[in-house]
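Please read the following briefing alongside the sequence and the model. It is grouped by topic.

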Amino acid sequence: MPKVLLFFLAMALYYIIGITLITKIVVVPLLKALALVFFIGAGFIYSRKWRKRL
């Protein structure tokens, strides 16, 4: 294998691993926070509708 090709493969692998790690560290908590906000908002709206009925 040429050294340049090996270097590019290593770079690509490093890039993929780095991106997956960053997305796991950043995106997952962000999604959890958004889901939490969404559920709180939905529950709030739902409870308000129920209060109007009662």
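Leu31 counts as exposed because its relative accessibility is 53%, where exposed means over 50%, buried under 20% and partly exposed in between, with a 1.4 Å probe and protein chains only. The model is a predicted one, in which local features need pLDDT of at least 70 and side-chain atom pairs count only at pLDDT 80 or more, while totals for chains, interfaces and linings use all residues. Residues are numbered from 1 along each chain as its sequence is written, and side-chain values use heavy atoms, with hydrogens and water left out.

**Nonpolar surface**
- Leu31 lies in helix α1, helices being DSSP runs of H or I with at least four residues and strands runs of E with at least two, numbered from the N terminus.
- A nonpolar surface patch with about 980 Å² of accessible area together includes Leu13, Ile17, Leu30, Leu31 and Leu34; patch residues have over 30% relative accessible area and no salt bridge, with nonpolar side chains joined within 5 Å and like charges within 9 Å.
- A salt bridge here is a side-chain nitrogen of Lys or Arg within 4 Å of a carboxyl oxygen of Asp or Glu.

**Positive surface**
- Arg48, Lys49, Arg51, Lys52 and Arg53 form a positive surface patch, with charges placed at NZ of Lys and CZ of Arg.
- Lys52 belongs to helix α1, residues 3-53, and counts as exposed because its relative accessibility is 71%.

**Overall form**
- The protein contains 1 helix and 0 strands, and its C-alpha trace spans about 75 × 10 × 10 Å along the principal axes.
- Of its 54 residues, 0% count as buried.

Note on methods
Areas by Shrake-Rupley, 256 points an atom, 1.4 Å probe, with all protein chains shown as cover. Lys, Arg positive; Asp, Glu negative; His and termini not counted.
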